[in-house]
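Thanks for coming. I will walk through one structure and keep to what can be read from it.

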Amino acid sequence: MLKRLRIKFIAVIMSIVTVLFIVIFGLVLHFTKQNIARESIQMMRTQAFRPPASEPMHKPDNMPDNIRLPFFTVHIAKDGELTAFGGGYYDLTDKELLQKLVNAAEESSKNTGILPDYDLRYIKNENGPMKAIVFADISSEKAMIRGLIRNSIIIGLIGYVVFFIISLLLAKWVTKPVEKTWNEQKQFIADASHELKTPLTVIMTNAEMMTDKTYAESDRDNFTKNILSTSKRMRGLIESLLELARLDNNSNRAPQKFTTVDCSKLINDSILPFEPLFYENEMELSTDIDENINVEGDKEKLRQVINILLDNALKYSDPADKVTVKLKRQSANCLLSVTGLGTPLTKEDCENIFKRFYRVDQSRNDGQSYGLGLSIAESIVSEHNGKIWAESENCYNTFYVSLPV
């Protein structure tokens, strides 16, 4: 999919570049031809009103082949006599050639035009005592246009190659977030499948053992309890997955209308249900919460973040030390921190711990934690325009949540 996406991106970029090159070089060629023709016609008009030379007709003598004087004028008398002057590469004494040129120009009803068979542009002047036709050589113009076309093609090809290389780099850079998301999605599906496979295997095994009548009734009751407890854990995993999907879906929608929440009171209320749990695990829970700190947000979602952090501290903190919960005002933000003594987090762990299904200590996994809680907390905090991160120092792991007050 990513390869096709890159190919489409490159195709779009190169199509745009092709259209731009055609338009730009086409306009340059068009206006260049117009400017050359306009300047040539202006000079020809000036030449048309010049009086005849004293020695009008002559043949060039010892003129280099690559030099051509561009203008010559043919005056036509009333009796049809032709008088040419201006000279140059053409033999102005050749009456037959002059007559052919005059006849070709006379055949056109336009005052100006081009004789492609002779590479000449003409302009007719019928004002005055004698009719005149000025001819100008356009071979140099055509050579200039050919050179311009050749240079445009060369520049276009070079530019095309350069833009193709740039588009390759841009395609890789643009699709990098998509590739990251795609890989994360594949990893998420694989992890979710793995997590679901284990409880399903337990349920199926116990269900098969229940059908075996060689087991006693007490054993069958144990099989039933195992199925029930595993189903509950499985339901918790599915609910967490649905919660993540809902949060991801909400992140793509318009911002929700939040209400004012007393964060100080919310944290105190959230701590109360955890105090007996900490007491049962012979752990001390200490608080340092500033009063009257209000934030804009969803009360129940913020409570969920606090519960996730407290539950995480309950599971992974050392009972020999206390867990400290703080809430402090910092300028335009408030900072919530939950600190506990535990397995030190490495720098890599602090960066990855909010990823889905990531666990630092696999050996302490009790089967009830699936590594989704902190991912849910991060999604909720991001939805509230806040920031969540983890730090570890001297074996104390601290989770911070910063929210705008």
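Helices here are DSSP runs of H or I with at least four residues, numbered from the N terminus. With that in hand, take helix α5: both Asp-269 and Lys-265 lie in this helix, four residues apart, about one turn of the helix. Please keep in mind that this is a predicted model.

Asp-269 and Lys-265 form a salt bridge, and their closest N and O atoms are 2.9 Å apart. In general, side chains of opposite charge can pair when their charged atoms come close.

Which order do its strands take? The order is β7-β9-β10-β12-β11, in an open sheet of five strands with mixed pairing. At the edges are β7 (284–289) and β11 (387–393), each of which pairs on one side only. From one strand to the next, the twist averages 15°.

One is between Lys-100 and Glu-96, at 3.8 Å from N to O. These two residues are in helix α2 (residues 95–106), four residues apart, about one turn of the helix. Glu-96 is exposed, because its relative accessible area is 54%, and the cut-off for exposed is over 50%. Lys-100, at 43%, counts as partly exposed.

Another salt bridge joins the side chains of Arg-303 and Glu-300, at 3.6 Å from N to O. These residues are three apart in helix α7 (residues 299–316), so about one helical turn separates them. Arg-303 is partly exposed, with 21% relative accessibility. There is also a network of salt bridges, which links Asp-288, Asp-290 and Lys-328.

Glu-141 belongs to helix α3 (residues 139–211). Its relative accessibility is 14%, so it counts as buried. Leaving out residues up to four places away in sequence, Glu-141 touches Ile-36, Ser-40 and Arg-121.

Last, two backbone angles. Most residues other than glycine have a negative phi. Asn-292 has a positive phi, near 55°, and sits in the loop between β7 and β8 (294–297). Asn-385 has a positive phi as well, near 60°, and is found in the loop between α9 (373–383) and β11. Are these two asparagines buried or exposed? Asn-292 counts as exposed because its relative accessibility is 56%. Asn-385, at 66%, counts as exposed too.

That is the end of my part.

Technical notes. Residues are numbered from 1 along each chain as its sequence is written. This is a predicted model: local features need pLDDT of at least 70, side-chain atom pairs count only at pLDDT 80 or more; totals for chains, interfaces and linings use all residues. Side-chain values use heavy atoms; hydrogens and water are left out. Buried means under 20% relative accessible area, exposed over 50%, partly exposed in between (1.4 Å probe, protein chains only). Contact means heavy atoms within 4.5 Å. Two strands pair if DSSP finds at least two bridges between them. Axes are lines fitted to C-alpha atoms, for helices over the stretch in contact, and angles run from 0 to 180 degrees between N-to-C directions. A salt bridge is a side-chain nitrogen of Lys or Arg within 4 Å of a carboxyl oxygen of Asp or Glu.
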